[in-house]
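I am opening a notebook on this structure. My entries cover the disulfide and the nonpolar cores.

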Amino acid sequence: QVQLVESGGGLVQAGGSLRLSCAASGRFFYAMGWYRQAPGKEREFVAAIRWIGGSTDYTDSVKGRFTISRDNAKNTVYLQMNSLKPEDTAVYYCAARGRPGALLDPYDYWGQGTQVTVSS
């Protein structure tokens with residue numbers, strides 16, 4: 001049974017940092033990523049990483065501020081978020097794909113989401 005368990009969300013002031021974690025289990029994943037959904041908006045891609053090779057991709061608005069990484073031994077992916085802005089406020093979802101493909105291809109599995117709130 002596939003499980004994606006997120007942690008690390010919370011409330012932070014603008015300019016602060018948070019690190020999200022997503023522990024995966026149940027099968028091998030070719031790629032994992034983070035998406036977010038702000039109130040009244042559609043879910044959007046944030047970042048993704050290929051499990052083999054470690055190549056990454058980011059949405060333009062987080063480049064230079066967010067870093068996605070993985071720990072193969074722990075089967076865990078992280079999202080280090082620095083210089084947070086109020087517009088980063090959203091529910092952040094971990095995603096995983098069990099098929100090869102591009103980092104922006106659709107994901108098969110989703111976590112329950114973790115709230116990130118950035119105050120101004």
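I started with a rule: a disulfide is a pair of cysteine sulfur atoms within 2.5 Å. The model is a predicted one. By this rule I counted one disulfide.

Entry on the disulfide. I looked up which cysteines it joins, and they are cysteine 22 and cysteine 94, with an S to S distance of 2.0 Å. I then placed both in the chain: cysteine 22 sits in strand E3 and cysteine 94 in strand E9, 72 residues apart, so the pair links distant parts of the chain. I checked the torsion about the S-S bond, which is about -80°, so I noted the disulfide as left-handed.

Entry on the cores. I looked up the largest nonpolar core and found 28 residues in it. Met32, Trp34, Val77, Leu79, Met81 and Tyr92 have the most contacts inside this core. At least two of its residues come from each of strands E3 (18-25), E4 (31-37), E5 (44-50), E7 (66-71), E8 (76-81), E9 (90-97) and E11 (114-119). I also noted another core apart from this one, with seven residues, including Ala31, Tyr35, Ala48 and Leu103.

Entry on valine 77. I left aside its neighbours within four places in sequence and listed what valine 77 is in contact with. Among them are Leu20, Cys22, Met32, Trp34, Ile49, Ile68 and Cys94.

Key: Residues numbered from 1 in each chain as written. Predicted model: local features only at pLDDT ≥ 70, side-chain atom pairs only at ≥ 80, totals over all residues. Heavy atoms only, no water. Core = buried A, V, L, I, M, F, W, Y, C linked by side-chain atoms within 4.5 Å. Buried < 20%, exposed > 50% of the residue type's maximum accessible area, 1.4 Å probe, protein only. Helix = DSSP H or I, 4+ residues; strand = E, 2+ residues; numbered from the N terminus. Contact = heavy atoms within 4.5 Å.
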